[in-house]
Amino acid sequence: MQKLKQLIVMEQLQQIFKDQPYHTDNFFLIAGPCVIEDEALLMQVAERVSAICKRLEIPYVFKASYRKANRTSVHSFTGIGDVEGLELLQKIGKTFNLPVTTDIHSAAEAAMAAAYVDVLQIPAFLCRQTDILMAAAETGKLVNVKKGQFLSGEGMKFAVEKIRQAGNNNIWLTERGTTFGYQDLVVDYRNIPIMKAHGVPVVMDCTHSLQQPNQSSGVTGGNPQMIGTIAKAAIATGADGLFIETHPIPSQAKSDGANVLQLDLLEPLLEELVALRRAVKR
């Protein structure tokens with residue numbers, strides 16, 4: 001049974017990354033700015049990260065949210081417009097020959113976003129919403145479900161079951177920390193092998209797991225100096241993929257600037273992670 005699960009996972013990854021040369025023993029990367037700010041930012045990040053990943057033979061999915069529906073403050077930036085944002089994501093995919101992903105926040109958004117992107121991401125707060133999971137599954141796109149901060153890895157089997165019940169076996173699960181106190185998250189790395197046992201690839205969200213939410217200022221804080229630590233531990237415990245939001249100038253980012261990785265720091269980190277992955281796979 002375990003070998004069959006591994007075969008299914010390998011076939012799924014080969015399909016989504018069929019247009020990219022990569023090392024089959026490598027982890028895959030989901031990376032990009034938190035939200036679409038403008039076309040120039042997307043182009044800059046996609047060009048830089050895709051070049052790094054080609055050199056290091058890492059399969060790569062470009063990520064940016066076309067709309068942020070879960071901002072803490074009503075005054076926070078939410079996007080440039082739905083269609084405008086989705087069209088830019090599609091352009092990135094075609095320009096750099098990459099699969100692209102974005103969040104959806106309601107069942108009604110699934111079909112709309114699926115017309116432009118390759119992977120639909122379900123935010124952690126919505127991972128138990130049956131209508132969203134089923135709508136995403138019914139598009140036939142790969143569905144990446146982030147584990148709720150309030151759930152265990154075991155509990156995510158029900159999200160997997162819902163998507164499979166809709167006839168879609170293309171599923172990723174993403175660990176992004178668990179609520180700890182009122183303004184912090186903690187990562188339980190047991191969730192990586194536990195969720196892999198559901199027969200799906202498991203991703204570690206290395207940036208959102210370092211958020212410090214519910215700040216009195218209305219802006220989420222973070223601890224980005226620990227991104228490398230989170231990523232290395234995830235590789236060591238068997239994560240199939242890493243999710244890392246990145247921005248050229250985090251202090252100027254319009255969303256999650258407090259916990260994204262500065263773009264210039266991504267390449268040396270990925271070099272370390274590739275070496276660690278090789279050591280772990282021996």
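Does Arg 277 count as buried or exposed, and what is the relative accessibility behind that label? Arg 277 counts as buried because its relative accessibility is 9%, where buried means under 20% relative accessible area, exposed over 50% and partly exposed in between, with a 1.4 Å probe and protein chains only. The model is predicted, so local features need pLDDT of at least 70 and side-chain atom pairs count only at pLDDT 80 or more, while totals for chains, interfaces and linings use all residues. Residues are numbered from 1 along each chain as its sequence is written, and side-chain values use heavy atoms, leaving out hydrogens and water.

Arg 277 sits in helix H9, residues 266-281; helices are DSSP runs of H or I with at least four residues, numbered from the N terminus. Setting aside neighbours within four places in sequence, Arg 277 is in contact (heavy atoms within 4.5 Å) with residues including Asp 25, Phe 27 and Asp 240. Gly 238 is 39 residues from Arg 277 along the chain, and their C-alpha atoms are 8.8 Å apart.

Turning to the cysteines, the structure holds zero disulfides, a disulfide being a pair of cysteine sulfur atoms within 2.5 Å. For Cys 53, the nearest cysteine sulfur belongs to Cys 206, 13 Å away.

Technical notes: Helices (H or I, at least four residues) and strands (E, at least two) are DSSP runs, numbered from the N terminus.
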